[in-house]
Amino acid sequence: MKSAPESLCNDGWCLNRKIVDERAMLAFGKSVARVLVPRLVLTLSGDLGVGKTTLARGVLQGLGFGGLVKSPTYAMLEPYQLDLGAVYHFDLYRMSDPEELEFLGYRDCLRDAYLCLVEWPERSDGYLNKIDLEFSISSEGASRIVTVRAHTHAGKIINEHLQNP
Ligand code: ADP
Ligand code: MG
């Protein structure tokens, strides 16, 4: 795992985007979807209501999903079967013990997934052993600041594509 120091947060390992509204968040998600490669784990962090599910919705739409993207807050996992492969959308907010990831079949999901999206990765207590890209969202008035940190070389390549589309 590599992490970029805050001061370098605009190189390949880390980028910042200001997202002015929900539409822009969906569009940003779609731009992420356009540069994805198979088998990545993306985490989405930030306060309740900051836009994690909205960003995940944009990614799923960008991957060609035309249906309803529900928040997995209660089920903890919403699976999607897309032409590209399976996408698993986790929300660990209600998880009280990281062992629950085992019951959710996280390892199996990792094995066959095109993409894993994980909201509230903080709840997993380090159980998610491979994270390619970490999206952290914070509020700035009505806007959001999204910071994208790459933790693997595959993640870094995605970040570079996002920086130079
Ligand atoms: P989370 O999954 O982080 O709890 P959601 O994506 O479910 O958050 O909800 C985000 C809410 O914030 C939505 O109601 C959305 O309309 C609103 N919103 C306002 N501004 C933005 C923005 N810039 N980006 C994303 N969502 C925004
Ligand atoms: Mg959510």
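Let's start with helix 1 (22–35) and helix 2 (residues 52–62), whose axes come within 7 Å and cross at roughly 50 degrees. That angle makes helix 1 oblique to helix 2. Axes here are lines fitted to C-alpha atoms, for helices over the stretch in contact, and angles run from 0 to 180 degrees between N-to-C directions. Angles under 35 degrees count as roughly parallel, over 145 as roughly antiparallel, 65 to 115 as roughly perpendicular, and the rest as oblique.

A quick word on what you're looking at: this is a predicted model, where local features need pLDDT of at least 70 and side-chain atom pairs count only at pLDDT 80 or more, while totals for chains, interfaces and linings use all residues. Residues are numbered from 1 along each chain as its sequence is written, and chains are lettered from A and ligands numbered from 1 in the order in which they are written. Helices (H or I, at least four residues) and strands (E, at least two) are DSSP runs, numbered from the N terminus.

Back to our pair. Among the residues of helix 1 that meet helix 2 are M25, L26 and F28, and the helix 2 side includes L55, A56 and V59. Contact means that two C-beta atoms, placed from the backbone, lie within 7 Å.

Now bring in helix 5 (residues 153–163). Helix 1 and helix 5 pack at an angle of about 125 degrees, with their axes 9 Å apart, so these two are oblique to each other as well. On helix 1 the contact uses S31, V32 and V35, and on helix 5 it uses I158, H161 and L162.

Which residues of helix 5 are buried? They are G155, K156, I158 and N159. They cover an arc of only 160 degrees around the axis, and therefore sit on the same side of helix 5; the arc is that of the directions from the helix axis to the C-beta atoms. A residue is buried if 20 or more other C-beta atoms lie within 10 Å of its own, exposed if 12 or fewer, and partly exposed in between. An α-helix has 3.6 residues a turn, so residues three or four places apart point the same way. The buried residues of helix 5 pack against helix 1 and several strands, including strand 1 (14–19) and strand 2 (40–45).

Finally, visit two loops. R39, between helix 1 and strand 2, has a positive phi of about 75 degrees although it is not a glycine. Most residues other than glycine have a negative phi. R39 is partly exposed, with 16 other C-beta atoms within 10 Å. W120 has a positive phi too, of about 55 degrees, but W120 counts as buried, with 20 C-beta neighbours inside 10 Å.
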